[in-house]
Amino acid sequence: LFDRLLVADENLNPIEGQLAKEYSITEDGSLLTMTLKDEIYWHDGEKITADDVKWSIEYALKITGLNGVFASTFKSIEGADAFVNGEAEEISGIKVDGQKIEITFAKTAPDALLTFTQFAPLPKKHFEGEDPLAFQQSKFWQSPVGSGPFMVDEVKLNEYTTLKAFDKYHDG
């Protein structure tokens, strides 16, 4: 249902991009750069953007019960503390330029690449007006819009969900 930015091998080492067509990290780990593929879409047909990725990281820091590895990585981003404390409107260490995302780390984030092999960005527009503290109960989860090879076809709550192939999937 959801693609990640990067793909890991059986040893959890990042080996290639999934939503990202390329990525690099500086030797000291202070700057991670990812460039998204050009023709990637949400299941509703809208293009996936670098702004969706930035928003997803910021939104994740507002929810309760965030995966510990994700939380550690995201809190290591420059400006994350000010954002979490309400002193800033956005995380200053995440810069977006077209489909390119630059993430500057204020402190070492040893699991940064691993994080992005597991973290799936979400479509910002489907969470507008939603309380991040009620993330698990969001109406979005009743029929989620993802980015992977299969999309939700039908949901009958507490009974079943069927999926179908996503015809605009970037990887065939």
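**Charged pairs, a patch and a pocket**

Glu39 counts as partly exposed, at 47% relative accessibility, where buried means under 20% relative accessible area, exposed over 50%, and partly exposed in between, with a 1.4 Å probe and protein chains only. This is a predicted model, in which local features need pLDDT of at least 70 and side-chain atom pairs count only at pLDDT 80 or more, while totals for chains, interfaces and linings use all residues. Residues are numbered from 1 along each chain as its sequence is written, and side-chain values use heavy atoms, with hydrogens and water left out.

The side chain of Glu39 meets that of Lys47 in a salt bridge (3.5 Å, N to O), a term for a side-chain nitrogen of Lys or Arg within 4 Å of a carboxyl oxygen of Asp or Glu. Lys47 is partly exposed too, with a relative accessible area of 38%. A search of the whole structure finds eight salt bridges, and another of them links Lys125 with Glu46, whose closest N and O atoms are 3.8 Å apart. Because Lys125 lies in the loop between α4 (112-118) and β7 (150-156) and Glu46 in the loop between β4 (31-36) and α1, this pair ties together parts that are 79 residues apart in sequence; here helices (H or I, at least four residues) and strands (E, at least two) are DSSP runs, numbered from the N terminus.

A further salt bridge joins the side chains of Lys100 and Glu102 (3.5 Å, N to O). Salt bridges that share partners, moreover, join Asp44, Glu46 and Lys125 into one network.

We turn next to the open space. Rolling a probe the size of a water molecule over the atoms shows where empty space is left. The largest pocket has a volume of about 310 Å³, and of the 19 residues that line this pocket, the closest to its centre are Phe70, Phe119, Ala120, Leu122 and Phe135. A pocket, on a 1 Å grid over the protein atoms alone, is an open set of points where a 1.4 Å probe fits, with protein on both sides within 12 Å along at least five of seven lines, and lining residues have an atom within 4 Å of a point. Helix α1 (residues 50-60) gives the most to this lining, with three residues, and the lining as a whole divides into 12 nonpolar residues, six polar and one charged.

Technical notes:
Points joined across faces, edges and corners; volume = space filled by probe spheres on them. Nonpolar A, V, L, I, M, F, W, Y, C, P; charged D, E, K, R; others polar.
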